[in-house]
Protein chains: 2
Amino acid sequence: MADSKPPVSFIGLGAMGFGMATHLLKAGYTVTGFDVWAPTLERFKAAGGLTATTPAEAVKDKEFCVCMVATAQQAQAVLIDGPDAAIKTLPVGAAVLLCSTVPCEYVQSLQKQLESLGRGDILLVDSPVSGGAARAADGTLSIMAGMSDAALQKARPLLAEMADPAKLYIVEGGVGAGSNMKMVHQVLAACQILAASEAMGFADQLGLDLAKAQQTVLGSDAWNWMFEHRTPRMLTQFQPIASAINIIMKDTSIITAEGRRSAFPTLMTSTAEQVYFSGIGRGFGPDDDSSLVRLYTEGKGKVGPVHGLATTEDEKLGLVVDLLRGILLCSAAESLAFANRVGLDLEQVLDLCVNAAGGSRVLEKVGPEIIKAFKEGTAAAGWKASAGELTLQEVSQKLQVAVEEAQRIKTPLFLGTQALSVIRLALAQGEGLAAGAVVKVWGGRL
Amino acid sequence: MADSKPPVSFIGLGAMGFGMATHLLKAGYTVTGFDVWAPTLERFKAAGGLTATTPAEAVKDKEFCVCMVATAQQAQAVLIDGPDAAIKTLPVGAAVLLCSTVPCEYVQSLQKQLESLGRGDILLVDSPVSGGAARAADGTLSIMAGMSDAALQKARPLLAEMADPAKLYIVEGGVGAGSNMKMVHQVLAACQILAASEAMGFADQLGLDLAKAQQTVLGSDAWNWMFEHRTPRMLTQFQPIASAINIIMKDTSIITAEGRRSAFPTLMTSTAEQVYFSGIGRGFGPDDDSSLVRLYTEGKGKVGPVHGLATTEDEKLGLVVDLLRGILLCSAAESLAFANRVGLDLEQVLDLCVNAAGGSRVLEKVGPEIIKAFKEGTAAAGWKASAGELTLQEVSQKLQVAVEEAQRIKTPLFLGTQALSVIRLALAQGEGLAAGAVVKVWGGRL
């Protein structure tokens with residue numbers, strides 16, 4: 001047993017890292033942990049781990065290092081720049097699995113730094129993860145890994161240990177491709193986390209019972225994973241804090257920064273980012289991201305007498321679903337168009353996203369037709385809506401009714417309004433289009 | 001004298017209406033005022049006016065009625081629907097000058113209502129105004145009037161009495177065209193009022209001296225009328241209240257609603273509208289619109305340690321100018337593209353806008369090239385930047401540096417980020433374009 005499970009160092013024992021590292025302990029690995037926060041190290045020791053006081057000490061003589069710090073800046077410090085950085089003692093040919101969510105640009109620069117520092121022998125694995133602390137502790141994460149063939153050969157068993165067998169994605173394209181895959185997934189996360197707040201805030205402003213609104217969405221074609229997982233905490237005063245606004249804000253900024261680098265207009269994600277900045281400007285950064293609903297509900301009763309047109313509960317519930325559907329369509333299109341821009345395998349992207357936190361019924365429906373269009377070109381795909389499916393015009397009309405009602409009751413719909421504008425741009429190119437044709441707005445290379 | 005200055009009724013004696021009505025008194029007209037707020041009527045009486053207790057009483061036996069209420073709903077009530085509405089007693093052939101800012105759709109429906117109520121004899125004048133309370137009292141407003149030839153013949157002297165001679169715009173297209181002209185001007189107003197707050201908020205977050213930032217912008221190619229008139233009040237605790245957030249929010253909603261009716265994507269104005277809704281949700285609605293800067297500055301010191309890249313004062317001042325230039329470019333393009341969509345004379349629109357509150361150096365520069373493109377088609381205009389002019393790519397690059405710095409210091413730039421996305425969409429169509437070519441994003445009919 002012992003020689004089939006090599007010693008592993010683990011840098012960064014936060015909510016995710018601690019779960020991943022203790023899972024490796026349970027699986028029989030000897031794990032030496034490092035974290036800047038001493039109480040976490042004590043806890044890790046109590047769980048059966050070894051501990052080190054510096055990154056260099058942790059990685060010494062270990063063939064494998066997993067790095068799960070919060071940011072690229074932290075990764076740079078613990079691996080390269082710090083006085084006791086890992087690079088000083090990493091054994092020749094060691095594999096470094098960078099599991100943090102970082103920009104593609106950063107992990108590629110890390111590869112170059114290793115080479116220019118004479119450590120081209122290190123096998124860098126660009127392997128961000130998704131799935132939350134519970135799945136980290138169960139060893140059933142989604143992992144998207146890009147690396148050289150040699151690195152893959154060495155690291156695959158350890159990656160497989162931490163991932164759900166169906167959710168270990170080996171991403172073509174080498175170092176950087178894993179981070180790109182995570183990034184396009186986070187387009188969905190960034191938009192849909194905020195969309196849950198926008199939809200529930202709208203429901204509240206419409207005077208709906210929130211539990212009823214929640215159940216209606218979950219049973220509709222606007223179901224999405226984030227809505228299902230965020231809305232319960234909106235009904236419990238945003239407790240427990242499962243994922244802070246600061247976390248999704250960080251990932252959102254990676255997306256928009258990489259978008260600028262690729263000259264790709266992140267129309268939806270940039271809109272979400274500004275709202276996240278507003279939220280942290282209010283001091284909400286450490287709060288659970290479900291609490292963004294406050295930004296939509298605080299005006300209730302303060303904006304003077306307002307009169308909506310919707311009267312029945314069913315009509316109002318329909319508006320909430322129509323709002324979400326429009327947002328989900330545009331976030332799905334932005335995610336896949338960005339994936340296409342950075343050269344990812346779109347089938348793999350879709351498979352990952354529909355089975356992860358970015359999943360939605362809309363993505364399941366429009367994803368295949370968008371991929372077909374990218375593969376075959378716009379004309380070949382035709383973009384005609386199938387019988388029984390909503391056309392882009394119909395999605396637009398329904399969304400528009402929701403946006404109009406929000407305007408009457410003077411509540412902001414940052415994402416919904418942007419989605420409507422984006423769909424309008426697509427519709428200017430023709431009538432009778434399938435919903436997925438909205439991707440034309442982004443898809444200069446269709 | 002008396003028979004050359006006919007008796008006039010004046011409905012709606014708010015800040016604007018009171019100034020206009022008292023100016024008519026000074027000019028020798030007999031004016032009978034009506035307002036729902038009794039103290040205003042007393043004040044009007046003290047200024048030499050006559051008063052009435054209902055709209056019907058006010059307009060009785062007067063050949064002219066000026067209506068300057070706040071909203072379409074109020075106009076409908078005082079003219080048509082109320083128990084003592086003006087329509088009951090308006091003399092045959094009377095001219096009704098609706099000077100309120102209302103949707104084109106509304107004033108056109110008013111015309112139809114008059115006809116279906118058997119009052120097609122009434123000469124409706126669609127004549128919204130611009131210029132603020134001081135110019136209202138001086139009789140030097142900008143007025144944009146659309147109406148039948150018969151109505152023009154009758155109403156021109158009265159319109160001329162209230163307008164600056166150089167700023168009375170007779171708009172081709174009949175009833176509705178005046179409101180459309182006001183609307184496309186208000187695209188600039190809606191975006192540029194918020195842009196002043198966004199730029200000064202960014203300046204504050206960058207640690208700049210605000211008076212210095214203000215002077216730098218005023219001396220730069222990012223000068224704009226709104227910035228010049230809003231920023232002084234940012235330095236005096238938003239006092240005095242010159243124009244409430246509620247007012248520009250109302251006009252903004254007219255733009256976006258008419259945009260939806262025309263299937264025109266109001267990318268910039270819709271972004272501004274959501275921020276206005278956020279502001280009124282905070283209870284800021286009655287405050288001066290310069291106070292929107294609070295939405296950008298409140299995060300200072302609350303978002304944790306942040307580090308920008310700009311170090312020198314000159315560099316930071318440059319970022320503020322670059323931010324504004326990008327926003328001004330996109331608001332100018334949105335305004336002219338919308339004007340084109342609703343069929344206005346673009347030369348007249350430009351002449352009005354550069355000489356009114358929507359004016360900016362950017363509009364002066366790009367307006368003519370955008371108009372040329374609409375007239376001649378894209379290919380003919382060529383869209384090549386002239387020597388010494390910033391290309392669209394250069395505007396984009398400079399704006400991008402500002403957006404990147406804002407991301408580092410975690411401050412929202414709602415308009416700047418949207419402008420960057422919009423410019424990216426235009427740039428996807430080619431390189432080396434003149435700045436005005438951004439209008440392609442809106443201009444499906446170029």
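This is a predicted model: local features need pLDDT of at least 70, side-chain atom pairs count only at pLDDT 80 or more; totals for chains, interfaces and linings use all residues.
Me: How do you know that chain A has domain 1 and domain 2?
Reply: The bounds come from a domain assignment, which gives domain 1 (2-175) and domain 2 (181-441) in chain A. Taken over C-alpha atoms, the centres of domain 1 and domain 2 of chain A are 33 Å apart. Their contact takes 16 residues from domain 1 of chain A and 14 residues from domain 2 of chain A.

Me: Why is the pair A:Glu105 and A:Arg261 called a salt bridge?
Reply: The rule asks for a side-chain nitrogen of Lys or Arg within 4 Å of a carboxyl oxygen of Asp or Glu. The closest N and O atoms of A:Glu105 and A:Arg261 are 3.7 Å apart, so the pair meets the cut-off. Across the interface of domain 1 and domain 2 of chain A, the rule finds one salt bridge.

Me: What makes up the side of domain 1 of chain A that touches domain 2 of chain A?
Reply: By class, that side has ten nonpolar, four polar and two charged residues. The area buried between domain 1 and domain 2 of chain A is about 1,400 Å², with 61% from carbon and sulfur atoms. A:Thr101, A:Met144 and A:Tyr169 supply 40% of the area that domain 1 of chain A buries there, more than any other three residues.

Me: Why is the pair A:Phe18 and A:Phe44 called edge-to-face?
Reply: Ring centres must lie within 6.5 Å to pair, and planes over 60 degrees apart count as edge-to-face. The centres of A:Phe18 and A:Phe44 are 6.1 Å apart and their planes stand at 75 degrees, so the pair is edge-to-face. A:Phe18 is in helix H1 and A:Phe44 in helix H2 of chain A, 26 residues apart.

Me: How do you know that A:Glu404 forms a salt bridge with B:Arg260?
Reply: The closest N and O atoms of A:Glu404 and B:Arg260 are 3.5 Å apart. The cut-off is 4 Å, so this pair counts as a salt bridge. The count between chain A and chain B is two salt bridges, and 13 residue pairs are in polar contact (both at pLDDT 80 or more).

Me: Which element gives the largest share of the side of chain A that touches chain B?
Reply: H12(A) does, with ten residues. By class, that side of chain A has 17 nonpolar, 16 polar and eight charged residues. Chain A and chain B bury about 3,300 Å² between them, 62% of it on carbon and sulfur atoms. In chain A, A:Arg260, A:Gln274 and A:Gln407 lose the most area to chain B, together 21% of what that side buries.

How values were computed
Residues are numbered from 1 along each chain as its sequence is written. Chains are lettered from A and ligands numbered from 1 in the order in which they are written. Side-chain values use heavy atoms; hydrogens and water are left out. Contact means heavy atoms within 4.5 Å. Buried area is the accessible area (1.4 Å probe) that two parts lose on being put together, summed over both. Ala, Val, Leu, Ile, Met, Phe, Trp, Tyr, Cys and Pro count as nonpolar, Asp, Glu, Lys and Arg as charged, and the others, Gly among them, as polar. Rings of Phe, Tyr and Trp (its six-membered ring) pair if their centres lie within 6.5 Å; planes under 30 degrees apart count as stacked, over 60 as edge-to-face and the rest as tilted. Helices (H or I, at least four residues) and strands (E, at least two) are DSSP runs, numbered from the N terminus. A polar contact is a pair of N or O atoms within 3.5 Å; within protein, one must be able to donate a hydrogen and the other to accept it, and residues adjacent in sequence count only if both atoms are side-chain atoms.
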